[in-house]
Amino acid sequence: MGGDVFVSVRGRVILNAEALNMTESVGNYVRHRRVPVVVRKGGEYVTIHVPAVSGEAVAHGYQELLANEASGMGLNVCGLCAKGIFLKSSNLNVVAHAHGDSVADIVRGKAKGRAETQRLAHEFEKAVIKGCVVEDVGGFLYAERGGKVAVKQVKRTSNFYVGYMIPVAEGLEAAVTEAQLHSRYALGTEFVEREEGERGMGQMIYYVEIGSAPYTFSFDLDTRYVGRTTYVAAHAGEPAVSEDERVRRIEAALNALKKLVLELGFGAKKTRFLPTVEWESLVIAVSNNVWTVPSPFSANYVEAARKKLSLVSEATKLHIYEAGGKRTLEEVLEEAVKDAVSRLEKH
Ligand SMILES: [Zn+2]
């Protein structure tokens, strides 16, 4: 029997000139995501609006990496998740397309009482887990509005947790978004004409807001239910795949996490707004049970993590990267992944 592992990651990363998470375009103006942050200033609390990258954006990037990693290891990934289309078994149509009719047939048909509905819901979750590592690790929500189904809803909570990346406490006032002017210039070509007195013809002008800030980064992975069912309480924790495959799926999840950090594997607009990236610090706590690293919003979070460990431990080991320190980010990530995998094989 393999064991479980809980991996908690918190970090600080300086991102300059990024457009990783845009919210809307108004005409030719594309806005960067902003969030309100409340902090104490003197004896009062004040609200500051700062650039941010949503947890959804990080999760999307992570799941793309996970799909690649899992496919590369020969593990099951459904046809939609493999393409980065995370509809994740949201209705019967999607299920039939991504997992095939045999899985859709489980929930099709007439309900035959509550016990039978529960059994089918359990079988359905099991089949979806089996068929797709992304939906196993990242969860899914099936909700079919059509009348002719035995099971109308099955929900699987994600086994990984991410949050908004916001500027760190001391960086709140330094964080900026600024609209940058860009133009596509086509004057002097046969495609545009300049009329008398007109300005700007042949130029497509547009603005993109870029953000620059020292951002927080948070990610937790709880392996307890990877490869195991959760939806029907009576069956929670039942294996949907072999123990050997479960361990390989968790390895895929950990490798994807490594890439997420090393390659900054998330965010949009990277073809023309590839940010400069500088990790300042990263703490990875590997534990046998839930143990999260304190928030990197505060400058002393690395120390706070050490202090927490001296008081509370779930066989926790901290793997710490600090810029200018002896070890590289790659080494620390590698060591943490090895630690996590060894726990799966051991207890
Ligand atoms: Zn899928």
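I started at Val162. Setting aside neighbours within four places in sequence, I found Val162 in contact (heavy atoms within 4.5 Å) with Gly55, Val58, Ala59, Ser218 and Phe219. Before going on, I noted that this is a predicted model, where local features need pLDDT of at least 70, side-chain atom pairs count only at pLDDT 80 or more, and totals for chains, interfaces and linings use all residues. Residues are numbered from 1 along each chain as its sequence is written, and side-chain values use heavy atoms, with hydrogens and water left out.

**Entry 1: Val162**

I placed Val162 in strand β8. Helices (H or I, at least four residues) and strands (E, at least two) are DSSP runs here, numbered from the N terminus. Is Val162 buried or exposed, or in between? Val162 counts as partly exposed, because its relative accessibility is 27%. The cut-offs I used: buried is under 20% relative accessible area, exposed is over 50%, and partly exposed is in between, with a 1.4 Å probe and protein chains only. I then checked Val162 against Val9, 153 residues apart along the chain. Their C-alpha atoms are separated by 9.6 Å.

**Entry 2: the largest pocket**

I looked at open space next. A pocket is an open set of points on a 1 Å grid over the protein atoms alone, with protein on both sides within 12 Å along at least five of seven lines; lining residues have an atom within 4 Å of a point. Grid points are joined across faces, edges and corners, and a volume is the space filled by probe spheres set on the points. The largest pocket holds about 350 Å³. I counted 16 residues in its lining. Which of them lie nearest the centre? They are Glu56, Ala59, Gly138, Ser158 and Phe160. Ala59 is also one of the contacts of Val162. Both α1 (55–72) and β8 (160–162) give at least two residues to the lining. The largest share, five residues, is from α1.

**Entry 3: the largest cavity**

Rolling a probe the size of a water molecule over the atoms shows where empty space is left. A cavity is a set of grid points where a 1.4 Å probe fits but cannot get out. How many cavities of 30 Å³ or more are there? The count comes to one. The largest cavity has a volume of about 60 Å³. I listed its lining: Val7, Val9, Leu254, Leu257, Ile284, Val286, Leu333, Ala336, Val337 and Ala340. The elements giving two or more residues are β1 (6–18), α7 (243–262), β11 (276–287) and α9 (329–346). I noted α9 as the source of the largest share, four residues.

**Entry 4: positive phi**

Ala17 has phi near 55°, a positive value in a residue other than glycine. I found Ala17 in strand β1. Ala17 counts as partly exposed, because its relative accessibility is 34%. Phi of Ala315 is also near 55° and positive, again in a residue other than glycine. Where is Ala315? It lies in the loop between α8 (301–311) and β12 (317–322). At 43% relative accessibility, Ala315 counts as partly exposed.

Val46 lies in strand β5 (residues 44–51). Its relative accessible area is 26%, so Val46 is partly exposed. Leaving aside neighbours within four places in sequence, I listed Val37, Val38, Val39 and Lys41 as contacts of Val46. The C-alpha atoms of Val46 and Pro36 are separated by 9.8 Å, with the two residues 10 apart along the chain.

I went back to helix α1 for Asn68. Asn68 counts as exposed, because its relative accessibility is 54%. From Asn68 to Cys132, 64 residues apart along the chain, the C-alpha atoms are separated by 12 Å.

**Entry 5: the whole chain**

The chain has nine helices and 12 strands. Its C-alpha atoms fill a box of roughly 75 × 55 × 45 Å along the principal axes. Of the 347 residues, 47% are buried. Among contacts with a separation of 6 or more, residues 24 or more positions apart account for 71%.
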